[in-house]
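Thank you all for coming; I would like to walk you slowly through one model today. Please keep the sequence and the picture open while I talk.

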Number of protein chains: 14
Amino acid sequence: MDSATYIAIASIITAGLTIAIGSVGPALGEGRAVATALTSVAQQPDAAATITRTLFVGLAMIESVAIYCFVVSMILIFANPFWNSAVAAAAAGH
Amino acid sequence: MDSATYIAIASIITAGLTIAIGSVGPALGEGRAVATALTSVAQQPDAAATITRTLFVGLAMIESVAIYCFVVSMILIFANPFWNSAVAAAAAGH
Amino acid sequence: MDSATYIAIASIITAGLTIAIGSVGPALGEGRAVATALTSVAQQPDAAATITRTLFVGLAMIESVAIYCFVVSMILIFANPFWNSAVAAAAAGH
Amino acid sequence: MDSATYIAIASIITAGLTIAIGSVGPALGEGRAVATALTSVAQQPDAAATITRTLFVGLAMIESVAIYCFVVSMILIFANPFWNSAVAAAAAGH
Amino acid sequence: MDSATYIAIASIITAGLTIAIGSVGPALGEGRAVATALTSVAQQPDAAATITRTLFVGLAMIESVAIYCFVVSMILIFANPFWNSAVAAAAAGH
Amino acid sequence: MDSATYIAIASIITAGLTIAIGSVGPALGEGRAVATALTSVAQQPDAAATITRTLFVGLAMIESVAIYCFVVSMILIFANPFWNSAVAAAAAGH
Amino acid sequence: MDSATYIAIASIITAGLTIAIGSVGPALGEGRAVATALTSVAQQPDAAATITRTLFVGLAMIESVAIYCFVVSMILIFANPFWNSAVAAAAAGH
Amino acid sequence: MDSATYIAIASIITAGLTIAIGSVGPALGEGRAVATALTSVAQQPDAAATITRTLFVGLAMIESVAIYCFVVSMILIFANPFWNSAVAAAAAGH
Amino acid sequence: MDSATYIAIASIITAGLTIAIGSVGPALGEGRAVATALTSVAQQPDAAATITRTLFVGLAMIESVAIYCFVVSMILIFANPFWNSAVAAAAAGH
Amino acid sequence: MDSATYIAIASIITAGLTIAIGSVGPALGEGRAVATALTSVAQQPDAAATITRTLFVGLAMIESVAIYCFVVSMILIFANPFWNSAVAAAAAGH
Amino acid sequence: MDSATYIAIASIITAGLTIAIGSVGPALGEGRAVATALTSVAQQPDAAATITRTLFVGLAMIESVAIYCFVVSMILIFANPFWNSAVAAAAAGH
Amino acid sequence: MDSATYIAIASIITAGLTIAIGSVGPALGEGRAVATALTSVAQQPDAAATITRTLFVGLAMIESVAIYCFVVSMILIFANPFWNSAVAAAAAGH
Amino acid sequence: MDSATYIAIASIITAGLTIAIGSVGPALGEGRAVATALTSVAQQPDAAATITRTLFVGLAMIESVAIYCFVVSMILIFANPFWNSAVAAAAAGH
Amino acid sequence: MDSATYIAIASIITAGLTIAIGSVGPALGEGRAVATALTSVAQQPDAAATITRTLFVGLAMIESVAIYCFVVSMILIFANPFWNSAVAAAAAGH
């Protein structure tokens with residue numbers, strides 16, 4: 001088994017775990033934010049516009065954390081500099 | 001056991017764990033959001049339209065996190081660049 | 001023990017754990033949603049139709065997460081591309 | 001120890017753990033749903049019919065998650081394609 | 001140590017852990033259901049018949065999950081197809 | 001160390017852990033049921049007969065889960081088919 | 001180190017862990033039951049007789065789970081069939 | 001290192017862990033019982049006699065679980081049948 | 001490294017962990033008991049004598065569990081029968 | 001496998017885990033902050049401007065913690081001084 | 001590496017972990033006791049003397065558990081009988 | 001693999017985990033602080049100035065803990081004295 | 001690697017973990033105590049003197065537990081008797 | 001790999017984990033203290049001076065625990081006596 005294989009395996013496992021673990025927090029946080037938004041709308045329907053707008057800004061902030069994880073996961077699969085380096089080395093007759 | 005086998009095993013295990021772990025957060029978050037939506041509708045039936053609309057937007061945001069995990073899981077099974085590279089290397093008489 | 005056996009073992013273990021771990025979140029989330037639906041119906045029987053309809057949409061969203069896991073589990077058992085590749089290689093006199 | 005034995009061991013352990021871990025979520029979720037159903041009936045006896053009907057639909061949804069696990073567990077014990085393949089290979093004088 | 005022994009050990013450990021882990025969820029879920037049933041009866045004695053009937057249906061649903069685990073555990077001890085296969089192989093002069 | 005010893009060790013450890021882990025859930029569930037029964041009796045002494053009867057049925061259901069574990073534990077110690085098979089094999093001059 | 005020693009070590013460790021882990025659930029459950037009994041007596045002193053009687057029945061049920069663990073622990077130390085078998089085998093000039 | 005040493009080490013570690021783990025549940029349970037006893041006495045000083053008597057019976061039940069652990073721990077240190085057997089064997093010129 | 005050293009190491013580690021783990025439960029339990037005692041005194045200063053007396057009895061019961069752990073810890077350090085036996089054996093020119 | 005490969009693997013795994021674990025806290029914290037912001041707006045719509053402004057400052061503070069993790073993760077992938085050093089050493093004919 | 005070194009390492013690690021783990025429970029318990037003391041004083045300033053006195057007795061009891069851990073930790077570092085024995089053996093030309 | 005590589009790997013892993021684990025506490029703490037700030041502003045808009053000022057001081061204190069972790073993480077990556085020492089040793093023809 | 005190195009490594013790791021783990025409990029306990037102190041002062045400003053004095057005594061008690069850990073940590077780094085002994089042995093030409 | 005390298009690795013890992021784990025407790029404790037300070041100011045604006053002063057004293061106490069961890073972490077990186085000793089030994093031609 002050559003170096004590239006080790007790097008491939010590490011990349012696969014890390015890419016999956018990154019988005020898997022990274023989805024727990026945002027999903028729970030968004031669930032909480034949405035839940036209180038619904039409670040608030042039911043309690044004060046007149047403020048629905050303000051509540052909805054604040055909710056969307058907040059969801060965007062929380063989603064951004066999940067997107068960080070997704071970005072790292074995608075980088076590890078499709079734009080992995082270590083893998084590129086290993087493949088280049090192998091192609092150069094390392 | 002050649003390199004491709006190691007990569008296949010890592011891909012199988014990671015694909016399963018990614019969607020498995022990644023389903024915990026969204027499921028709990030959606031459950032919470034749906035639960036408060038129901039409470040809110042029961043408390044303020046007149047705002048049902050606003051509540052339902054906000055709920056669906058929120059569920060879509062939370063579901064998107066689960067879909068990130070599902071996408072990574074599918075990529076690892078059906079469009080795995082490392083596996084393709086290993087298979088190509090093996091076919092090239094590596 | 002040849003490559004196919006390793007892949008088979010990894011597939012078996014992953015298929016089971018995927019649906020096992022993946023059932024925890026949806027089951028708890030659905031339990032919560034159903035529970036509040038019942039509370040809401042008891043509190044506001046007049047809104048039962050709206051509540052039930054919202055509940056079913058929500059349950060479908062949550063169930064979809066469990067179904068992702070079930071799909072990955074079934075793919076790993078019955079339509080595993082890595083296993084097919086290993087069996088084909090073995091049949092080709094690898 | 002031949003390949004079939006390894007697959008048998010993995011299948012045994014996975015089949016047990018799948019249904020064991022997979023029973024935690026549904027059991028807790030159903031317990032919660034039944035509990036609130038009882039509270040709701042006590043609070044609003046007139047809505048007992050609606051509550052009971054909604055409860056049964058909800059329990060069926062939650063039970064379905066446990067049944068996914070049971071199905072995978074049974075497949076691994078009695079209709080395991082990997083085991084069949086290994087036994088066939090052994091019978092073929094592997 | 002031959003193959004049958006490995007399978008026997010795996011079956012023993014899995015059978016015990018399956019029913020052990022699988023008993024946690026149902027026991028807690030049933031405890032919760034019974035607890036709220038008692039609260040509900042105390043709060044609304046007139047609805048005792050409905051509450052008790054709903055409780056028994058719910059307990060049966062929850063108990064079914066525990067019985068899945070017990071069934072798998074018994075199958076692994078007394079009707080284990082892998083063990084039968086290994087014993088048959090040993091008897092055939094494997 | 002022969003096969004029978006391995007099976008004996010696995011049986012000892014599993015028998016103990018089965019009843020140990022399996023006692024957590026039922027004990028907590030029964031504690032909760034008894035606790036609410038006491039609260040309910042104090043709140044509605046007139047319904048003591050109904051409450052007590054419902055409590056005993058519920059405790060029996062929960063206790064049944066603990067008894068499943070105890071049965072498996074006893075089977076592993078005193079009626080273990082794998083151990084009997086190994087002892088018979090050893091006696092047959094294996 | 002002969003077989004009997006391995007069995008002795010497994011029995012010692014399992015006996016201790018069985019009663020140790022098995023004491024957590026019953027102790028917490030009994031603590032909860034006693035606690036609510038005290039609250040109930042303080043709230044409704046007239047029902048003290050009924051409460052105390054129900055408490056003792058409940059404690060007996062919970063204690064029975066702890067006693068299952070204690071019985072298994074004692075069996076493993078003083079009436080262990082596997083140890084007896086190993087000692088007999090050693091005495092027979094194994 | 002002879003057999004007796006292994007048994008001694010297992011006995012030491014198990015004896016300590018048994019009482020250590022086994023003390024968590026009873027201590028928490030007793031803390032809860034005492035706490036509610038104090039609340040109840042403060043709420044209903046006239047029932048102090050009944051409360052105190054019920055408390056002592058309950059504490060005795062909970063303490064009994066801790067004493068099971070202490071007994072097993074002491075047996076493992078001072079009356080360990082496996083250790084006695086090993087020492088006797090060593091003395092007999094094993 | 002001779003037998004006595006192994007026994008010494010096991011005794012050191014176990015002695016420390018026993019009192020360390022064993023201190024968690026009693027400390028939390030006593031903290032809870034003291035806390036409710038203070039609340040109760042503030043709520044019903046007239047019953048301070050009864051509350052304080054009940055508190056001290058309860059603290060003694062909880063402390064006894066911590067003392068069991070301390071006793072086992074001290075026995076393992078200063079009156080360890082296995083260590084004495086090993087030292088005696090070493091002195092006897094084992 | 002040379003030094004650079006080890007460093008690459010460590011960098012990949014660490015980069016993924018850093019952002020994955022580091023996303024849990026901020027996501028939950030932001031979810032909580034957004035949730036109470038919505039509740040507060042619904043309760044006091046007149047203070048919406050102050051609440052929103054305070055919320056954004058707070059979200060920025062919390063997001064900064066997630067960004068620390070993202071920065072470290074990016075540094076490890078794209079500006080890793082250890083990797084650069086290893087690559088330079090390899091290029092220098094190490 | 002001689003016996004004394006192993007004993008030294010075990011003593012160092014155990015001494016640190018004993019006080020580290022042993023500090024969690026008492027610190028939380030004391031925090032809870034102090035917290036309720038402050039609440040009680042604020043609620044009933046006239047009973048401040050009784051509350052403070054009861055608090056100090058309770059803190060002493062809880063602190064005693066932490067001191068058990070500190071004592072064992074100090075004994076392991078400065079008065080370790082196993083270390084003394086090993087040093088004496090080494091000095092005696094072991 | 002030389003010493004510098006080991007130190008590099010340890011530095012990479014530790015740098016990532018330090019900021020990852022170290023971000024959980026501050027993020028949750030800040031989330032809580034911001035959340036109550038919002039509640040307080042909504043409840044007492046007149047005290048918004050005092051609340052905001054106190055909030056910022058508190059956030060700074062909590063953020064300082066996260067910054068400790070970030071500083072240690074940066075030191076380990078860019079100003080690691082052990083790495084510098086190893087590189088110097090390697091350059092000196094170690 | 002000589003004995004002194006092993007002792008140094010054990011001392012370094014233990015010193016860090018001791019203060020790290022040992023800081024969790026006191027920090028949470030002090031946070032709780034300070035929090036209730038603030039609530040109490042706000043509720044009863046007239047008793048601020050008594051509350052503050054009681055708070056400081058309580059904080060000192062809780063801080064003492066953290067200081068135990070810090071002392072053990074410092075002893076392990078700067079006044080470690082085992083390290084001194086190992087260094088002396090090495091200096092003596094061990 | 002020489003002794004100094006092992007000590008360097010242990011120091012790096014411990015330094016990072018010490019401040020990482022050690023930041024969880026203080027951050028949560030400070031978050032709680034700040035949160036209640038804000039609630040208290042909103043509830044009793046007149047006592048803002050006293051509350052703020054008490055808050056700062058409390059934050060200082062909690063921060064001190066985090067600083068203990070930071071100090072130990074810095075000592076391990078920049079003033080590590082074991083590292084200095086190892087470097088001196090290596091310089092002395094060990």
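Let me begin with a word that I shall need throughout: a contact means heavy atoms within 4.5 Å. What we are looking at is a predicted model, in which local features need pLDDT of at least 70 and side-chain atom pairs count only at pLDDT 80 or more, while totals for chains, interfaces and linings use all residues. Residues are numbered from 1 along each chain as its sequence is written, chains are lettered from A and ligands numbered from 1 in the order in which they are written, and side-chain values use heavy atoms, with hydrogens and water left out.

Let us start with chain A on its own. Its secondary structure comes to four helices and zero strands, where helices (H or I, at least four residues) and strands (E, at least two) are DSSP runs, numbered from the N terminus. Read along the sequence, that gives chain A the pattern α-α-α-α. The radius of gyration of chain A is 21 Å, well over the 12 Å that the globule rule gives for 94 residues, so chain A is more spread out than a compact globule; this radius is taken over C-alpha atoms, and the rule is 2.2 Å times the number of residues to the power 0.38. Along its principal axes, the C-alpha trace of chain A spans about 70 × 15 × 10 Å.

How much of chain A is buried? Of its 94 residues, 62% count as buried, and here buried means under 20% relative accessible area, exposed means over 50%, and partly exposed lies in between (1.4 Å probe, protein chains only). Among contacts in chain A between residues at least 6 apart in sequence, 78% join residues at least 24 apart.

Now to the neighbours of chain A. In the pair of chain A and chain B, 42 residues of chain A are in contact with 40 residues of chain B. The two chains bury about 3500 Å² between them, 80% of it on carbon and sulfur atoms, and buried area is the accessible area (1.4 Å probe) that two parts lose on being put together, summed over both. How many salt bridges are there between chain A and chain B? The count is zero, taking a salt bridge as a side-chain nitrogen of Lys or Arg within 4 Å of a carboxyl oxygen of Asp or Glu.

On the side of chain J, the contact takes 42 residues from chain J and 40 residues from chain A. Not every pair of chains meets, however: no contact joins chain C and chain F, whose closest C-alpha atoms lie 17 Å apart.

I will finish with two residues. Ser73(J) lies in helix H3 of chain J, which covers residues 48-78, and at 0% relative accessibility Ser73(J) counts as buried. Which residues does Ser73(J) touch, not counting residues up to four places away in sequence? They are Val72(A), Ala15(J) and Ile19(J).

The second residue, Ala37(B), is found in helix H2 (residues 24-43) of chain B, and Ala37(B) is buried, with a relative accessible area of 1%. Leaving aside its neighbours within four places in sequence, Ala37(B) is in contact with Leu38(A), Ile51(B) and Leu55(B). Ala37(B) and Ser23(B), finally, are 14 residues apart in sequence and 21 Å apart in space, C-alpha to C-alpha.
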